[in-house]
Amino acid sequence: MIGGPPALLALEDGTVFQGSAFGAEGESFGEAVFNTGMAGYQEVLTDPSYAGQIVTMTAPQQGNYGVNEEDAESWRVQVAAFAVREASRRASSWRAQATLADALLDAGIVAIEGIDTRTLTVRLRTAGAMRAGVSTVDLDPASLVERVRAADGMAGADLARTVSTPAAYEASDLVGAPDASAGRIFRVAAYDFGMKRNILRRLAACGVATTVFPAETPASTIAAGGYDGVFLSNGPGDPAATTYGIAATRELLGKVPIFGICLGSQLLGLALGGRTYKMPFGHRGVNQPVRDVATGVVEITSHNHGFAVDPASWERDADGSASTDYGRVSLSHWNLNDGTLEGMRCLDVPAFAVQYHPEAAPGPHDARYLFDEFRSLMGGSA
């Protein structure tokens with residue numbers, strides 16, 4: 001133990017870890033997952049895709065460089081709880097505005113340190129992501145496990161609406177004006193299913209003026225706006241439960257160029273008549289190798305998803321393209337670690353999506369070119 005009040009982390013399989021609290025006192029329940037990134041803990045904490053999840057970082061020390069307002073991916077900490085081996089007591093960076101512990105305390109987020117995160121990660125890697133709870137209140141292991149088992153799971157959870165913006169806004173108010181150096185400024189309507197701010201920065205950097213809309217905005221509202229393109233954002237929860245997103249995507253397909261990331265990719269797959277499934281433990285980290293079928297290039301990519309599109313959803317042509325109600329679709333990107341489908345390009349309507357994060361901060365940046373592809377799809381120069 002490292003020094004804070006005692007805390008427990010319990011898994012639904014009965015495994016319990018004893019440690020010390022270093023954020024807010026209290027308790028929280030969610031899905032236990034792990035992230036393998038050695039940096040970027042603030043981006044993880046503030047990424048809306050992590051809503052409802054208790055995130056364990058595999059790198060042993062977290063918080064070394066503190067936190068600051070500029071690196072946040074949303075307006076608040078989004079995780080249900082946070083678990084680390086050791087939280088740094090000081091923030092060694094000129095950019096730091098607070099320590100990790102202070103940020104979690106201010107946000108009211110329960111966090112635990114001093115546990116064997118290697119053992120916890122191996123458990124999740126072996127048995128799969130599972131329900132969990134972190135508590136500084138209920139320190140009876142049997143009681144906490146019982147309560148964890150009574151909590152809701154992630155399958156079937158519609159969480160996008162809980163993290164989406166309540167009203168439409170202009171991205172320029174948040175990330176500045178779009179770069180006009182490439183020529184024409186394109187107007188894009190972005191569905192906020194859990195939008196990361198760096199996506200808006202990357203869109204602005206390639207000459208896109210983005211208007212962000214709530215997750216449940218009808219497709220007719222977007223169609224009436226005369227936008228050059230539509231963006232489907234990342235977000236939390238079960239994509240199959242995000243029925244309003246599927247319906248809107250289906251209605252807009254073939255009418256306007258579409259680009260989706262993460263949950264947005266899964267919604268595109270569902271709109272094309274595909275299926276999604278819950279992965280055993282998901283992909284969460286910054287070093288996933290993904291191969292682009294068209295170019296043969298292998299990109300190192302950042303991931304955060306616990307669901308995936310099933311490539312067996314469709315009949316396949318001789319060239320491997322999927323046959324859908326919207327024409328042929330190239331199953332364009334594949335994960336080289338486990339064979340997961342990571343991207344799709346529609347061949348007969350203007351739409352494509354990837355399940356990973358080309359906007360990733362602090363990186364990697366191998367896939368940033370996809371924002372230029374979106375610009376090209378709308379008729380601009382890459």
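Predicted model: local features only at pLDDT ≥ 70, side-chain atom pairs only at ≥ 80, totals over all residues.
Reader: Which residues of helix α11 are buried?

Author: In α11, residues 369–377, they are Leu370, Phe371, Phe374 and Arg375.

Reader: What puts them on the same side of α11?

Author: Around the axis they cover an arc of only 155 degrees, so they share one side of α11. An α-helix has 3.6 residues a turn, so residues three or four places apart point the same way.

Reader: What covers these buried residues?

Author: The cover includes strands β11, β13, β14 and β20, and helix α7.

Reader: How many aromatic pairs does the structure hold, and why is the pair of Phe231 and Phe259 called edge-to-face?

Author: There are 8 aromatic pairs. The ring centres of Phe231 and Phe259 are 5.5 Å apart, and a pair needs centres within 6.5 Å. Their planes stand at 75 degrees, and over 60 counts as edge-to-face, so the name applies. Phe231 is in strand β13 and Phe259 in strand β14, so this pair ties together parts 28 residues apart in sequence.

Reader: How do you know that Phe259 is buried?

Author: Its relative accessible area is 0%, and buried means under 20%, so Phe259 is buried.

Reader: What makes Phe259 and Phe352 a stacked pair?

Author: The angle between the planes is 15 degrees, and under 30 counts as stacked, so the pair is stacked. The centres lie 4.5 Å apart. Phe352 belongs to strand β20, 93 residues from Phe259.

Reader: Which residues do ring pairs link into a cluster?

Author: The cluster holds Phe231, Phe259, Phe352, Phe371 and Phe374.

Note on methods:
Residues numbered from 1 in each chain as written. Heavy atoms only, no water. Buried < 20%, exposed > 50% of the residue type's maximum accessible area, 1.4 Å probe, protein only. Helix = DSSP H or I, 4+ residues; strand = E, 2+ residues; numbered from the N terminus. Arc of directions from axis to C-beta. Contact = heavy atoms within 4.5 Å. Phe/Tyr/Trp six-rings, centres within 6.5 Å; stacked < 30°, edge-to-face > 60°.
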